[in-house]
Amino acid sequence: MNKMLKLGLATVIPAIAVGGIVLAQSLSVTTLRGAEVDEPVAVDQIHGQVQGRMQRNYRQQPPLIPHSIEQYQIDLRTNQCLSCHDWTKAGERNAPTLSMTHYLDRDGNELDQIAGTRYFCNQCHVPQADAPALVNNLFQPSTGN
């Protein structure tokens with residue numbers, strides 16, 4: 001019986017695999033980018049950085065970054081955001097100071113340095129850009145009620 005089952009599976013599985021390949025090749029697949037994989041696609045417009053600060057949409061929204069961070073190093077050893085925004089340097093660099101919540105540990109104790117939980121700025125803060133929405137968005141800002 002076991003030998004018969006193995007023989008039956010050995011003949012059925014290749015037939016199903018070949019049938020699946022034939023079916024997959026016969027279906028027409030449309031690409032999201034509108035071109036073949038190896039075909040170059042011209043980019044109509046690069047969406048630039050918005051200068052100046054944008055208004056926040058809700059209370060406690062992390063501020064958007066009003067400048068490029070493309071060349072900024074943010075890793076375990078270096079956080080270039082802190083070279084301007086740390087409380088010790090923000091005044092002389094004319095940059096906004098980090099919120100005091102960034103200097104609290106998990107237990108609410110004040111620290112002299114940024115808390116490890118707030119070290120990677122781009123977890124919450126993103127560069128602002130004048131770009132169309134990728135998907136429809138029905139979000140409405142809070143009215144304060």
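Where does Leu 111 lie in the chain? Leu 111 sits in the segment after H3. Before going further, bear in mind that this is a predicted model, where local features need pLDDT of at least 70, side-chain atom pairs count only at pLDDT 80 or more, and totals for chains, interfaces and linings use all residues. Residues are numbered from 1 along each chain as its sequence is written, and side-chain values use heavy atoms, with hydrogens and water left out.

Now the overall layout. The chain has three helices and zero strands, and reading along the sequence gives the pattern α-α-α. Helices here are DSSP runs of H or I with at least four residues, strands are runs of E with at least two, and numbering starts from the N terminus. Of the 145 residues, 13% count as buried; that label means under 20% relative accessible area, while exposed means over 50% and partly exposed is in between (1.4 Å probe, protein chains only).

Back to Leu 111, which is partly exposed with a relative accessible area of 32%. Leaving aside residues up to four places away in sequence, Leu 111 touches Tyr 103, Leu 104 and Asp 105, where a contact means heavy atoms within 4.5 Å. Its C-alpha atom is separated by 9.4 Å from that of Met 100, 11 residues apart along the chain.

Gln 128 is also found in the segment after H3, but this one is buried, with a relative accessible area of 2%. What does Gln 128 touch, not counting residues up to four places away in sequence? Its partners are Gln 49, Val 50, Gly 52, Arg 53, Met 54, Leu 64, Ile 65 and Pro 66. Across the chain, 44% of the contacts between residues at least 6 apart in sequence join residues at least 24 apart.

Next, the aromatic rings. Rings of Phe, Tyr and Trp (its six-membered ring) pair if their centres lie within 6.5 Å, with planes under 30 degrees apart called stacked, over 60 edge-to-face and the rest tilted. That rule gives two aromatic pairs. In one, the rings of Tyr 58 and Phe 139 have centres 6.3 Å apart and planes at 75°, so the pair is edge-to-face. This pair links distant parts of the chain, 81 residues apart: Tyr 58 is in the loop between helix H1 (2-26) and helix H2 (82-85), and Phe 139 is in the segment after helix H3 (90-93). Tyr 58 is partly exposed at 42%, and Phe 139 is partly exposed at 46%.

The rings of Tyr 119 and Phe 120 have centres 5.1 Å apart and planes at 90°, so that pair is edge-to-face. Tyr 119 is buried at 16%, whereas Phe 120 is partly exposed at 28%.
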